[in-house]
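User: I would like to learn how to read a few features of a protein model. Please take them one at a time.

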Amino acid sequence: MNAVLSEPEAGKPSVPYMLAGRVSDEKTVVNISGGITIGGEDVCIIAGPCSIESRDQIMESAAHVKKAGATILRGGAFKPRTSPYAFQGMGVEGLKLLREAGDAFRMPIITEIMDSDDLAVIEEYSDIIQVGARNCQNFSLLRKLGRAKRPVLLKRGMMTTVVELLMSAEYVLAGGNRNVILCERGIRTFESETRNTLDISAVPVLQQKTHLPVIVDPSHAAGTWKLIHPLSLAAIAAGADGLMIEVHPDPDHALSDGMQSLKPERFSDLMIRMAQMARLMGRSIPGSC
Ligand code: PEP
Ligand code: MN
């Protein structure tokens, strides 16, 4: 019997992530709305700007990423910014604009939750709730998300190990929400040439340790658009179930993370190359050519 599943003694789980742990070859496929899934045969591409900045900006972003073949639209409405003086996001107004753009281009949407006070409104408008790296171990938030009606995309913290990430996922699963997607987005190391270090080995390690879908965010790992192409292809080659990529119609004037955001035409090129890589891996990217 798999050690991960051995019977808990005296009501105590014998491993800290008994629900997240892999028990067989079977993987969890998370159903998003509109027949879209994460964790199945397809490689799911989530794309869009770091932040929602205006109706025009999110509409333009959605039009581009949809045309290029992305499946899910991203956009931050409540932004975790290092400086309290930096743009903090448009809040609920931004969330509504993201919903409008998602509906206009028939794409499910994902946005980040920072404060559990916003859970009800995010649940109402967003198809997926993102937990950012900074909240990966915010256990009270994770507990609340265990009772949420929407799938949760849980990003790895900058300083969390793979096992700690699995234990964070366990909080959500144990609360009754079995729709959790994990996201490797780079960890903090001594290396300073990149914003973070993409831990590419976390992808196959997680695929071995858990049945949950695993995606990669190369944008926050790299910190520069120049590395998004190679890192995205590496993620698919490593067995990722999807990617989340920042794309902005005018990165030079973006209110957050412009340096790491792809211009629409570069994203279109990348989609073609990712589709080729997915085929090599025996998978496909729906919507791409
Ligand atoms: C984001 O997705 O915009 C974000 C803030 O990511 P992370 O939590 O990985 O830094
Ligand atoms: Mn960002």
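**Reading the features**

Analyst: Searching the whole structure turns up one aromatic pair. This is a predicted model, in which local features need pLDDT of at least 70, side-chain atom pairs count only at pLDDT 80 or more, and totals for chains, interfaces and linings use all residues. Residues are numbered from 1 along each chain as its sequence is written, chains are lettered from A and ligands numbered from 1 in the order in which they are written, and side-chain values use heavy atoms, with hydrogens and water left out.

User: Which residues form the aromatic pair, and how is it described?

Analyst: A pair of aromatic rings is described by the distance of the centres and the angle of the planes. Rings of Phe, Tyr and Trp (its six-membered ring) pair if their centres lie within 6.5 Å; planes under 30 degrees apart count as stacked, over 60 as edge-to-face and the rest as tilted. Here Phe139 and Tyr171 are stacked, at 4.6 Å centre to centre with 20° between the planes. Phe139 sits in helix H4 (residues 139–145) and Tyr171 in helix H5, 32 residues apart. Helices (H or I, at least four residues) and strands (E, at least two) are DSSP runs, numbered from the N terminus.

User: How do the strands close into a barrel?

Analyst: Two strands pair if DSSP finds at least two bridges between them. Eight strands close the barrel in the order E3-E4-E5-E6-E7-E8-E9-E10, with parallel pairing. For example, three bridges join E6 (residues 128–131) to E7 (residues 152–155). In E7, Leu153 is the bridge partner of Gln130.

User: Which residues have the most contacts inside the largest nonpolar core?

Analyst: In soluble globular proteins, nonpolar side chains tend to be buried together. A nonpolar core is a set of buried Ala, Val, Leu, Ile, Met, Phe, Trp, Tyr and Cys residues joined through side-chain atoms within 4.5 Å. The largest has 67 residues, and Phe267 and Met274 have the most contacts inside it. Another core, of 14 residues, lies apart from it and includes Val30 and Ile72.

User: What does Ser232 touch?

Analyst: Contact means heavy atoms within 4.5 Å. Leaving out residues up to four places away in sequence, Ser232 touches Pro218, Leu243, Ile245, Leu270 and Met274. Ser232 lies in helix H8 (residues 228–237). Ser232 is buried, with a relative accessible area of 0%.

How values were computed
Buried means under 20% relative accessible area, exposed over 50%, partly exposed in between (1.4 Å probe, protein chains only).
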